[in-house]
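Morning, everyone. Have a look at the next slide, and then I'll talk you through it.

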Amino acid sequence: MPPAADTTASPRTELRPQTERPSAPAKYLGVLFAVAIAAAAVNLRPVVTSLGPLLDQVRADLGMNPTLAGLLTAVPSLCFALFGFAAPAAARRIGPIAVVTAGMGAITAGVLARSFADGTAVFLLLTALALAGVAVSNVLLPVVIKRYFPEKVGPMIGLYSMALSAGTALAAAVTVPLTSTLGGDWRYGLGVWAALGALALLLWLPVLVAKRERGEQAGGVAAPARLPITRSRTAWAMACFFGLQATGAYVVMGWLPKIFQDAGVDKGTSGVLLAVTMVIGVPVSFVLPNLAARRGDQRLFVVVLASCGIAGYAGLALAPAGGAWVWAVLVGLSNCAFPLVLTMIGLRARTAGGVAQLSAFAQGVGYLISIPGPILVGRIYQATGRWYGPLGFLVLLLVPQMLFGLRAARARHIEDEAVHPAGRRVEA
């Protein structure tokens, strides 16, 4: 798991002296804060996974061709990269809690409004609005945890990861039956997920007010010294590993139901199969980081997860319906490279400042790397009308993913690599 906050940091990083016993109101606020973090995490994927099972209906109603649908599956990566880069600057201005609260508002507004869209362009723009909220929250929630729960980083990251996986699986599993219950219109099936965002927003607003009333500074900490992180081979390997695993994950979230439906699996079951790939991450995202953090390096986990992906994609190509549940589990295990890479980000830097900079770099560059993948999958499918090509492409991507992952998983620290030309060590 990512390391606890640096106890040598500026006094402004501490909410209270470590020896002070928290008051009863502070305990209640802490519980509310933890619940708010979990609620926010639940909202970080339904924007995407609720769309996959209904993609055919959305395409038909809005007049999308497969290439545009592939672009739609690439929008999350683009938004995560662009808005993820902007999140730290926004947090320094108004504070991470305020930014996450605004993110919950953007998710709620975007998800609700896109259900009324009457054209592809408007639908894409409103989806981007919701994903902007996801992006800033995705980057800043771990920062919030490290700052306000310095003695409970492990359990809180576990709560965050499990809630994220649970929200992903929930949207994938119940979107189709929920849409049927609401009359069969995809607009209701997608728009109803705004309720989750509204609930999270209602939880974050009192946290935001309470923190302001306590007189805490919005930024919370002084900005750490900047590392020349582009000089670190480990940072680049981490970014490439992150980008390649994100490519596979978003192709799966966007296209897996369609793959099963083309093989004769009904829509409801295809949504449940997508949910299986996501729900696997609920227990694994809690257990895997703990196991990975106990080892000097994480190369074994990189190889095992990539091997699961190769087997799962090969099975989807050769017998998609016959072994559907097995392939869903294997692909889901492969996608657990996400909690693994988050753990490695925390282990590859010596200080909290280094972790924050590595996280911003790896996620920002990584999501940019992942943008072409879903678009290419849509193009290959449009050109061939079959899934052999797209699935073969995903298998090939797992090879460099494994190689970059093996480099990123070695026991190194970016502070030892990110140095000025004169060779002087840079401290975070």
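I'll go from the overall fold to the cysteines and then the aromatic rings.

This is a predicted model, where local features need pLDDT of at least 70, side-chain atom pairs count only at pLDDT 80 or more, and totals for chains, interfaces and linings use all residues. Residues are numbered from 1 along each chain as its sequence is written, and side-chain values use heavy atoms, leaving out hydrogens and water.

Fold first. The chain has 19 helices and zero strands. Those are DSSP runs numbered from the N terminus: H or I of at least four residues for helices, E of at least two for strands. Of the 428 residues, 56% are buried. Buried means under 20% relative accessible area, exposed over 50%, partly exposed in between, with a 1.4 Å probe and protein chains only.

Now the cysteines. C308 is buried, at 14% relative accessible area.

Last, the rings. There are 13 aromatic pairs. Rings of Phe, Tyr and Trp (its six-membered ring) pair if their centres lie within 6.5 Å; planes under 30 degrees apart are stacked, over 60 edge-to-face, the rest tilted. F80 and Y367 make an edge-to-face pair, 5.0 Å centre to centre, with 70° between the planes. F80 is in helix 4 and Y367 in helix 16, 287 residues apart. F80 is buried at 3%, and Y367 is buried at 2%. One aromatic cluster holds F80, F242, Y250, F338 and Y367.
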